[in-house]
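Please keep the sequence and the structure open while reading.

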Amino acid sequence: MQDRNHLSDVQPTNSVCLIENGLIEIPMLQLLDENGHETNKEQSPEIDEATAKRIAATMQYIRLLDERMVGAQRQGRISFYLACTGEEASTVASAAALSSDDMIMSQYREQGALAYRGYTTEQFMNQMFSNELDPNKGRQMPIHYGDKALNFMTISSPLGTQIPQAAGYAYGQKMSGKPALTICYFGEGAASEGDFHAGVNMAAVLNCPVIFFCRNNGYAISTPVEEQFKGDGIASRGIGYGVKTIRVDGNDVLAVFAATKKAREVALAHNCPVLIEAMTYRLAAHSTSDDPSGYRSKSEEEKWHAKDPVERFNKWLDSKGWFDKTATDAYLEKSRAEILAAVKKAEKVPVASIDEIVEDVYDTPPWHLKKQLVELKAHIAKYPEHYPKTSGSVK
């Protein structure tokens with residue numbers, strides 16, 4: 001048995017050494033300034049015209065989707081929505097740097113990553129309207145997407161649960177010998193959950209090929225970062241757990257793309273986790289249940305509007321001769337029409353049968369779930385006016 005010595009790498013000193021916050025300065029990778037100019041062309045990643053245009057189109061599409069679905073919630077057509085306005089570059093550019101074989105585990109603001117992989121407008125709508133074409137059969141809130149074919153794990157509401165799951169899934173990928181990894185998205189607020197610490201430590205100790213991608217957008221709902229933690233963001237935590245770490249400008253498509261490419265290369269080559277902290281800002285409300293005017297000023301928001309990732313990347317595309325305003329306007333008009341048509345279509349599709357509510361959890365539904373289903377159906381039959389979408393299918 002090998003002798004172990006946990007002091008082998010510890011350097012002794014004969015004076016009190018007080019480690020202070022900020023001893024290690026963690027830089028932020030930025031390759032595009034706010035005007036879309038490259039800061040160092042030699043460091044810019046190789047990105048072809050088709051990929052660049054696909055990233056731009058996906059970001060523009062997601063912004064339209066967010067606007068329309070926030071409107072749909074305000075009209076009472078869906079119950080809830082979370083927009084990613086201002087954070088599109090973080091999720092879309094990182095997804096573009098992955099292989100389609102890589103698993104995505106997200107929080108709830110990564111619709112851009114899913115759209116980049118090919119999730120259709122119709123699929124988005126069926127999930128948000130919880131109709132019978134929704135793969136979740138209406139059991140989840142809106143924006144809790146999932147798609148096995150696209151290697152996108154179904155979203156769950158509790159914050160941070162996907163972090164240890166990502167470590168475990170990546171460990172399985174390593175054991176299989178396949179050249180694929182897992183990327184796990186979460187916000188800096190979720191990094192305050194115990195699951196963050198357990199998951200990152202697990203991945204470090206077990207050498208799991210996983211990218212932990214933190215969107216540090218400045219707020220955990222209404223709590224600003226300075227009231228969440230005292231340390232240097234989330235990047236310092238990766239270093240503390242012995243995880244290779246990158247901090248990047250989350251509103252810079254080129255920087256996010258380059259950072260994720262590098263992280264994937266390192267994670268697969270060394271079978272290890274990599275943490276990316278993307279410094280960005282949530283321009284929209286936390287959700288349709290939130291009013292950001294209660295905790296931040298309009299002037300603060302305006303300063304971040306100047307860092308808009310969509311406009312910044314469009315300026316870069318224009319400098320490359322890859323931006324066509326006429327074609328872009330036509331695409332936006334077509335996308336608006338497609339989204340509106342999909343809304344009208346999805347809301348007319350019936351909801352899933354209530355008899356399916358206890359299926360798919362156990363091979364054979366146990367007696368207590370069957371009993372609860374009978375009681376639920378009796379309740380709906382007694383008060384049909386409160387359950388207009390479901391009462392008609394109760395037998």
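In this predicted model, helix H2 passes helix H9 in a right-handed crossing. On the H2 side the contact is made by Ala 89, Ser 90, Ala 93, Ser 94 and Ala 96, and on the H9 side by Val 253, Val 256, Phe 257 and Thr 260. Sorted by class, the contact of H2 with H9 holds 6 nonpolar and 3 polar residues, with no charged residues.

## Helix H1 and its two partners

Helix H2 also packs against helix H1, here at an angle of about 140° and with the axes 10 Å apart. H1 and H2 are therefore oblique to each other, and their crossing is right-handed. From H1, the residues Ile 55, Thr 58, Met 59, Ile 62 and Arg 63 meet Glu 88, Ala 89, Val 92 and Ala 96 of H2. The residues of this contact of H1 with H2 divide into 6 nonpolar, 1 polar and 2 charged. Ala 89 and Ala 96 of H2 take part in the contact with H1, and Ala 89 and Ala 96 are likewise listed in the contact with H9.

Helix H1, which spans residues 49-74, has a further packing partner in helix H4, residues 121-128; the axes of H1 and H4 come within 13 Å and cross at roughly 30°. H1 and H4 are therefore roughly parallel to each other, and H1 passes H4 in a right-handed crossing. This contact is made by Tyr 61, Leu 65 and Met 69 of H1 together with Thr 121, Phe 124, Met 125 and Met 128 of H4. By class, the residues of the contact of H1 with H4 comprise 6 nonpolar and 1 polar, with no charged residue.

| Helix pair | Angle between axes | Distance between axes |
|---|---|---|
| H1 and H2 | about 140° | 10 Å |
| H1 and H4 | roughly 30° | within 13 Å |

Thr 85 sits in the loop between H1 and helix H2 (88-96). Is Thr 85 buried or exposed? With a relative accessible area of 18%, Thr 85 is buried, because the cut-off for that class is under 20%. Apart from its neighbours within four places in sequence, Thr 85 is in contact with Arg 63, Asp 66, Tyr 281, Arg 282, Leu 283 and Ala 284. Of these, Arg 63 is also one of the H1 residues that meet H2.

## The sheet

An open sheet is formed by 5 strands in the order E1-E2-E3-E7-E6, with parallel pairing. Strand E1 (103-105) and strand E6 (244-249) are the edge strands, each pairing on one side only, and the twist averages 20° from one strand to the next.

Within the sheet, E2 and E3 run parallel and are joined by 6 bridges, and Ile 183 stands opposite Ile 211 in E3. E3 and E7 also pair in the parallel sense over 6 bridges, and the bridge partner of Ile 211 in E7 is Val 274. How many residues of E3 are buried? The count is 7 of its 7 residues. Both faces of E3 are covered, with Val 210, Phe 212, Cys 214 and Asn 216 buried on one side and Ile 211, Phe 213 and Arg 215 buried on the other. Helix H5 (residues 162-176) lies across E1, strand E2 (182-187) and E3, and runs at about 170° to E2.

## Two asparagines with positive phi

Most residues other than glycine have a negative phi. Asn 207, although not a glycine, has a positive phi of about 55°; this residue lies in the loop between helix H6 (194-206) and strand E3 (210-216). At 38% relative accessibility, Asn 207 counts as partly exposed. Asn 271 has a positive phi near 45° and is likewise a residue other than glycine, placed in the loop between helix H9 (253-270) and strand E7 (274-279). With a relative accessible area of 30%, Asn 271 is partly exposed.

Terms used:
Residues are numbered from 1 along each chain as its sequence is written. This is a predicted model: local features need pLDDT of at least 70, side-chain atom pairs count only at pLDDT 80 or more; totals for chains, interfaces and linings use all residues. Side-chain values use heavy atoms; hydrogens and water are left out. Axes are lines fitted to C-alpha atoms, for helices over the stretch in contact, and angles run from 0 to 180 degrees between N-to-C directions. Helices (H or I, at least four residues) and strands (E, at least two) are DSSP runs, numbered from the N terminus. Angles under 35 degrees count as roughly parallel, over 145 as roughly antiparallel, 65 to 115 as roughly perpendicular and the rest as oblique. A crossing is left-handed if the near helix is turned anticlockwise from the far one by less than a right angle, and right-handed if clockwise. Contact means heavy atoms within 4.5 Å. Ala, Val, Leu, Ile, Met, Phe, Trp, Tyr, Cys and Pro count as nonpolar, Asp, Glu, Lys and Arg as charged, and the others, Gly among them, as polar. Buried means under 20% relative accessible area, exposed over 50%, partly exposed in between (1.4 Å probe, protein chains only). Two strands pair if DSSP finds at least two bridges between them.
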